[in-house]
Structure formats: C-alpha cells, structure tokens
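Please open the model in your viewer and keep the selection panel at hand. The stops below say what to select next and what is to be found there.

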Amino acid sequence: MSAPVGSDRPFLNRRLAAFGTTIFAEMSALAARTGSINLGQGFPDTDGPAEIAEAAVRAIRDGRGNQYPPGPGVPELRRAIAAHQQRFYGLGYDPDTEVLVTAGATEAIAAALLALLEPGDEVIALEPFYDSYAACIAMAGAVRVPLTLRAPDFRPDLDALRDAITPRTRLLLLNTPHNPTGTVLTREELAAIAELAVERDLLVVTDEVYEHLVFEGGHTPLASLPGMRERTVTISSAGKTFSFTGWKVGWITAPPALVSAVRSAKQFLTYVSSGPFQYAVAEALALPDPYYEAFRADLAAKRDLLTEGLTAAGLRVFRPQGTYFITTDISPLGEKDGLAFCRSLPERCGVVAIPNQVFYDDVEAGATQVRWAFCKKTEVLREAVDRLRAL
Ligand SMILES: *Cc1c(COP(=O)(O)O)cnc(C)c1O
C-alpha cells in the first residue's frame, strides 16, 4: 500500500486528497486553546427565537417528526417554503413537486452537484468559494473553473465569465449574498449571468442562504429573472436566517425535473433528517415581517460596529453589502500573509479570524485577505474591537 510521503491521510482517495481538514477546525481549536474570541467560524452566539425553539420541543413531545419524515420533507414545511418564496419574491413553487427539504444547505449543494454533473463536466463558480463547493465538485468528478472576485470591489467580471464558458460547461454555481466577500450581485449582474445561462443552455445552482441579510436594497433571487426559473436550483436554509445552525434544515426550490434529480442523490445521502425541526422551521418561515426586519437591523448594526473597530485597528475594510462576514486587507499593517497573520493573532491579541486565501485556487488573489464574522453578541464584538487595538 503506497501513501504519499508525509501524508497524514494515507487512505483518502485522490478526489478528496486536497481537502484534508477545514481551516475552521484549525482556527476554532486555536480559539479554544488560547481562550480567544472566535470571529472565525460563522455561527451566531445567540439562539434564534424562543417560540421557534418551543415549537421544536412541542413537535418532539407531540410525536411529530420523531420517526423518518417523508423523503421530500414534511408537507407543513414544504408549504411554508413555497409560501416564503411567494411572499418575498413573488415566485410560485408547487410544494409537492418543486420543493425538497435537505440536511442544511450543505446537503442541498452536495446532492445538486452529485445529481446534475457528469464526470468531466465543468462548473463555473465564484471564487473565493464557500468551502464545500470545491469538495463537492470533486466528489462529483467534475472540474471547477473559478470566476475570481477581486479586491477592492469583488464584482464578477462578466467578460471573463463569457470567456470561461466552454462546450464542457454544464453548470454555474453562484452564491449571493456572497460568503466571504459580502458581495450582493446586482440586478444588472444577475441579468447578464442569466442571459449567458440561457444562451449557452447552462444549469444554475444558486446558494442564497444569506437572502435575509442584504443591508442595502433587497435580495433578488436569480430564479426570478427571465428564462431562469426552469434552469435554476435555488438553495437556502434555516440556519442563517433563524440562528439555528445546528438544526440543519435546508431546502431547494426548482422545477419538478430538477427537484426529482436532486432528490435521487439526496435519498442516498441522508435519506431524511431533522424531523421535529422541520415543523419548527415551518413556523419560523411564517414569522411576520418585523422578525426579518429586526434580524437584518441587528446584524447591520454589528457590521457597522466591527467595520469601525477593524478600521481603527489599521486594516482596510471592504464593507459587505450582505452576509455576516467582513473581508479585510491586512497589508496596511505591513502584513503579507493572511494565514500566518491568523495563526499569530490569538497570541498577539486574543482574537481568531479566517484567512480568505484558503477559499481561493488562486492563493495570491486572496493572500492578504482576512475574514471576520460579526454574528456575535454586541459585547463580544466590543471586546474583540478593544483587543484588536493592540495590532
Ligand atoms: C453556512 C453556509 C452554508 C451551509 O448551510 P447549512 O444550512 O448550515 O448547511 C452554505 N452556503 C454558504 C454560503 C454558507 O455560508
């Protein structure tokens, strides 16, 4: 049995060899070991609405969802997802044939890519990538083609997108609002992308888990553009919108032929998941507008607080239009390598952040970028800002 010299994972196959451990594991362990404030991993430090947590408890007590729920998801949740798409975007989806509940957005991404791609197909994805994209494309045996978002604006280069499309391109993998840059694609950008998708007959998988965290203007689902509904798999999740990331309730909305394809892959991944939580998320989606407004306003204020603090600490801040992350440039501090910077940061000031370079194939393009999560309590962010003054 031959393993690459020095490999600590001799049994990992070639498709996954490059995806050993995620940076989040390393940095969260570092945070725990040094007692640092963890602005690395993007999970809220406050749970979502108490009445929604109660709804989950009630579902368990009432015996709803304690056994395998239906493969596509419980009807209450599928109806609530369809109603949500209608209420916020005027998009009509049939809860029985055009909605599929998944184990978080993570499974939705995996199932969509495993179901829709043939080995060798090319997938164009916005770089920096959310960390599961590259691994899932690899598991599908497909080839990722990055469309790099570059500082300082992190806008997609639409000419580069046109040039990147080849006869082997099967699918565009989008993410708006975009983690980690905070870019929210404009209607014009979405329209240009849509036009290319129609012209070149591409499928689109769009990860919209931060749909309710757009700070200026609103969120435009790609599926709402002309010609897109029939070729788009839209992904979202309860984790980010309702601050229950541990529940792992996600979903796709798409036309019946795409839903049934994704379901074929999904049934052999988890089959089903999160039974009682599905009932609770159905109630969450129906929360009145003030919930969504307060959620966004709270995070907008936290964005401003951390933006100010990072600026005062001497970093260049790229103000995010959406998500709960801020990307910064550390070069004004005389720093050249984000990974080294993040590894030394706990020692220097007791804060943990994530180097964006791990989300790039083109490591140079992200070498000096560092990401900070602001989905934390105000006093935690204040303390972090205080500590960062030591830089
Ligand atoms: C958090 C996140 C996910 C994963 O969502 P889950 O519902 O927790 O699986 C997917 N995509 C992006 C861009 C994310 O930030």
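Select Thr-328 and then Val-370, its bridge partner in strand β13. Val-370 of β13 is also the bridge partner of Pro-355. This is a predicted model, in which local features need pLDDT of at least 70 and side-chain atom pairs count only at pLDDT 80 or more, while totals for chains, interfaces and linings use all residues. Residues are numbered from 1 along each chain as its sequence is written, and side-chain values use heavy atoms, with hydrogens and water left out.

Now widen the selection to the strands themselves (strands are DSSP runs of E with at least two residues, helices are runs of H or I with at least four, and both are numbered from the N terminus). Strand β10 (residues 325-329) pairs with β13 in the antiparallel sense over five bridges, pairing being assigned if DSSP finds at least two bridges between two strands. Strand β12 (residues 354-355) runs antiparallel to β13 and is joined to it by two bridges.

Colour β13 (residues 369-373) by accessibility: five of its five residues are buried, so the strand is largely enclosed by the rest of the structure. Buried here means under 20% relative accessible area, with exposed over 50% and partly exposed in between, for a 1.4 Å probe and protein chains only. Gln-369, Arg-371 and Ala-373 point one way from β13, whereas Val-370 and Trp-372 point the other way.

Next, display the open sheet of seven strands, ordered β2-β8-β7-β6-β5-β3-β4 with mixed pairing. At its edges stand β2 (99-103) and β4 (143-148), each with a single partner strand, so one side of each has no neighbour in the sheet. Within it, β3 (residues 122-127) and β5 (residues 169-175) pair in the parallel sense over four bridges, and Val-123 has Leu-171 of β5 as its bridge partner.

For the last stop, select helices α1 (residues 23-34) and α12 (residues 338-349), whose axes come within 9 Å and cross at roughly 25°. Axes are lines fitted to C-alpha atoms, for helices over the stretch in contact, and angles run from 0 to 180 degrees between N-to-C directions. The two helices, α1 and α12, are therefore roughly parallel to each other, a term for angles under 35 degrees, with over 145 counted as roughly antiparallel, 65 to 115 as roughly perpendicular and the rest as oblique. Show side chains for the contact (heavy atoms within 4.5 Å): α1 contributes Ile-23, Glu-26, Met-27, Leu-30 and Thr-34, and α12 contributes Leu-339, Cys-342, Arg-343 and Pro-346.
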